[in-house]
Amino acid sequence: MKFGTKAIHAGIYPEQVTGAVMTPIFQTSTYAQESPGKHKGYEYARTQNPTRNVLQDNLAALENGNFGFCFASGLAAIDTVIKLLKPNDEVIAANDLYGGTYRIFTKVFEKFGIKFHFVPMNDPKSIEEKINANTKLIWVETPTNPLLNIIDIEEMGKIAKKHKVLFAVDNTFATPYCHTPLDLGADIVMHSVTKYLAGHSDVIMGALIVNSEELADQIRFLQNACGGVPAPQDCFLVLRGIKTLHLRMKAHNENGIAIANFLVNHPKIARVYHPSLPTHPNHDIAKKQMKIFGGMLSFELKEDSVENAFAMMKRLKLFITAESLGGVESLCGHPATMTHASIPKAEREKNGLRDSLVRLSVGVEDVEDLIEDLAQALA
Ligand SMILES: *Cc1c(COP(=O)(O)O)cnc(C)c1O
């Protein structure tokens, strides 16, 4: 089955009692048992919920995985992955991660004795010398946030496999429409479902997808034991959003490319980060690995200051200044003071995140209107 067909049909069947074509919202916390312990496979809604089950099956199919698990947020999903580890275990993570991921790693899990190493991952081979007997997990995001670096998943997967280290990919930016990391050697795919999968900026949710039954058993245990599950209404909204994921991603990509080309030639712009551009340092890997380049892009102003970035953002009329990304509407953000404020300034600058960097989540509006808005704000 191809992607668009899977988005609409995989794991989704008319409901058995009524034939409802759309998956109902099973708004219940508990299920009747015929006699103690004799039930229909559903006991308590933290453990199982039919609306959530359908979404989990659909997400697993989209990522070409065997098992899907949904959580109350992307961070609740990340929390679950790190709980697979124990004190003295070490994690090698990319150095330009989503700020919240950096925060949970360093501010929450370091105090439980897990050690995190943040390293550039442009060259997967350089990771090998960082692996030791305690290394249990490699964690990457690609494209990275907000600098849109591309990490070669297949190369990283080979290294992880050779050293028997778990390999997790945060696939939030790319979505399974763009690439399916389990096919490229990842053990765990993580999503902030909040973003492109839900697609309409109205839900907070996370997900994990795996192939291994052993990993699935551990994640299922943690999902129930720690309890960070999403509500059935939210699962319904995500199921509805995913039905147009392929259509939205194509539109985000077309608009993203058009805006990248507009900005790259603009006299007020110092630098544009979009994997479609031949000047992008990882353009070749992007071409090999990604079906499309997506609608996330960042740019720096020639006059590099927070004030200049703020003034430009204030003049934008269609791009709403807001956290988050991946919705049908265009958003803009200022990583240094918004999404990445939890990363210390020195660390930010070391990773190339400048003060005037503005990040766009390009929506699916008519691109002429978006370009006109950017042109007047930059003028
Ligand atoms: C938003 C985001 C997260 C966190 O997800 P939440 O749903 O906000 O908890 C993790 N990784 C990336 C790349 C994100 O964009």
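I started my notebook at Phe 116, which counts as buried at 7% relative accessibility. Buried here means under 20% relative accessible area (exposed is over 50%, partly exposed in between; 1.4 Å probe, protein chains only).

Ground rules, before going on. This is a predicted model, where local features need pLDDT of at least 70 and side-chain atom pairs count only at pLDDT 80 or more, while totals for chains, interfaces and linings use all residues. Residues are numbered from 1 along each chain as its sequence is written, and side-chain values use heavy atoms, with hydrogens and water left out.

**Aromatic rings**

I looked up the aromatic pairs and found 7 in the structure. Rings of Phe, Tyr and Trp (its six-membered ring) pair if their centres lie within 6.5 Å; planes under 30 degrees apart are stacked, over 60 edge-to-face, the rest tilted. Phe 105 and Phe 116 are stacked, at 4.5 Å centre to centre with 10° between the planes. Phe 105 belongs to helix H4 (residues 99-109) and Phe 116 to strand E3 (residues 115-119), so this pair ties together parts 11 residues apart in sequence. Helices (H or I, at least four residues) and strands (E, at least two) are DSSP runs, numbered from the N terminus.

Next I checked Phe 105 itself: buried, with a relative accessible area of 0%. Its ring and that of Trp 139 have centres 5.7 Å apart and planes at 90°, so I noted the pair as edge-to-face. Trp 139 is in strand E4 (residues 135-141), 34 residues from Phe 105. I wrote down one aromatic cluster made of Tyr 102, Phe 105, Phe 116, Phe 118 and Trp 139.

**The open sheet**

Then I traced an open sheet of 5 strands, in the order E8-E9-E12-E11-E10, with mixed pairing. Strands E8 (269-273) and E10 (320-321) stand at the edges with a single partner strand each, so one side of each has no neighbour in the sheet. E8 pairs with E9 (residues 296-301) in the antiparallel sense over 4 bridges; two strands pair if DSSP finds at least two bridges between them. Tyr 273 stands opposite Ser 298 in E9.

**Arg 359**

My last stop was Arg 359, in strand E12. Is Arg 359 buried or exposed? I have it down as buried, at 4% relative accessibility. Its side chain reaches the backbone oxygen of Ser 324 at 3.1 Å.

Technical notes:
Polar contact = N/O pair within 3.5 Å; in protein donor to acceptor, adjacent residues only side chain to side chain.
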